[in-house]
Every structure is written in C-alpha cells, then in structure tokens.
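Student: I would like to learn how to read a helix and a sheet from a set of coordinates. Could we work through one case together?

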Amino acid sequence: MTFDYVKQAVVDDYNDFYFEYNGVNCGVEIDDDLSKFNLLYGDDIQKVDGNFDAAVRVPFFGGRSVLDIFDSVADSIRFV
C-alpha cells in the first residue's frame, strides 16, 4: 500500500485508518472535518488542528511521525 493511496482514502473518502506499531494499536482519525485529526497511540490521544499533511508529520508514535514509520506499518493499515 502506498502513502498516496492512504492519503486519498482519508482525504477523498473520509476514512480513518488504524495500524500496529511496536506492538501498540495506533490510528489516525478524522475529528469532525479534514481540518482536525486525532492520533491514537495505545491509550494516548493527540489532537491535531491542521490538515492531513500536518497530522502525519506530528512525532507522536514513540517520537516518530506516520511519515517516519509508514514503510514499517503499511502492510498492517486497515480503514474504517
């Protein structure tokens, strides 16, 4: 799965996505509209005011961003 595919699924189709990283359940959820997102790392939640590109650059997942870890989690991504 490519990053562009994930971005399209979120931005065009309003899908949240979830994955596992370092044995922790994680996710990126749209919060209300495409200008707010919730990043999920286990039981922790980081609210992000900004677009998708801003959300995937926040170093929230063990100090790394979605962009940093994408290649290692791409196969585990699931959409809701």
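Student: Which exposed residues does the face of α3 turned away from its buried side carry?

Tutor: Bear in mind that this is a predicted model. An α-helix has 3.6 residues a turn, so residues three or four places apart point the same way. On α3, the face turned away from the buried side carries D71 and S72, both of them exposed.

Student: Which residues of helix α3 are buried?

Tutor: Within α3, which spans residues 66–73, the buried residues are V66, I69, F70 and V73. Viewed down the helix axis, these buried residues fall within an arc of 145 degrees, so they line one face of α3.

Student: What covers the buried residues of α3, and how does α3 run relative to β1?

Tutor: The cover includes α1 (3–11), β1 (17–21) and β2 (24–31). The helix α3 lies across β1 and β2, and it runs at about 80 degrees to β1.

Student: In what order do the strands form the sheet, and which strands stand at the edges?

Tutor: The sheet is open, with 5 strands in the order β4-β3-β2-β1-β5 and antiparallel pairing. At the edges stand β4 (44–49) and β5 (78–79), each of which has a single partner strand, so one side of each is left without a neighbour in the sheet. Strand β3 (residues 33–41) pairs with β4 over 6 bridges, and F37 has V48 in β4 as its bridge partner.

Student: Is S65 buried or exposed?

Tutor: Placed in the loop between α2 (52–55) and α3, S65 has a relative accessible area of 4% and is buried. Apart from its neighbours within four places in sequence, S65 is in contact with V56, R57, V58 and P59.

How values were computed:
Residues numbered from 1 in each chain as written. Predicted model: local features only at pLDDT ≥ 70, side-chain atom pairs only at ≥ 80, totals over all residues. Heavy atoms only, no water. Buried < 20%, exposed > 50% of the residue type's maximum accessible area, 1.4 Å probe, protein only. Helix = DSSP H or I, 4+ residues; strand = E, 2+ residues; numbered from the N terminus. Arc of directions from axis to C-beta. Contact = heavy atoms within 4.5 Å. Pairing = 2+ DSSP bridges. Axes fitted to C-alpha atoms, helices over the stretch in contact; angles between N-to-C directions.
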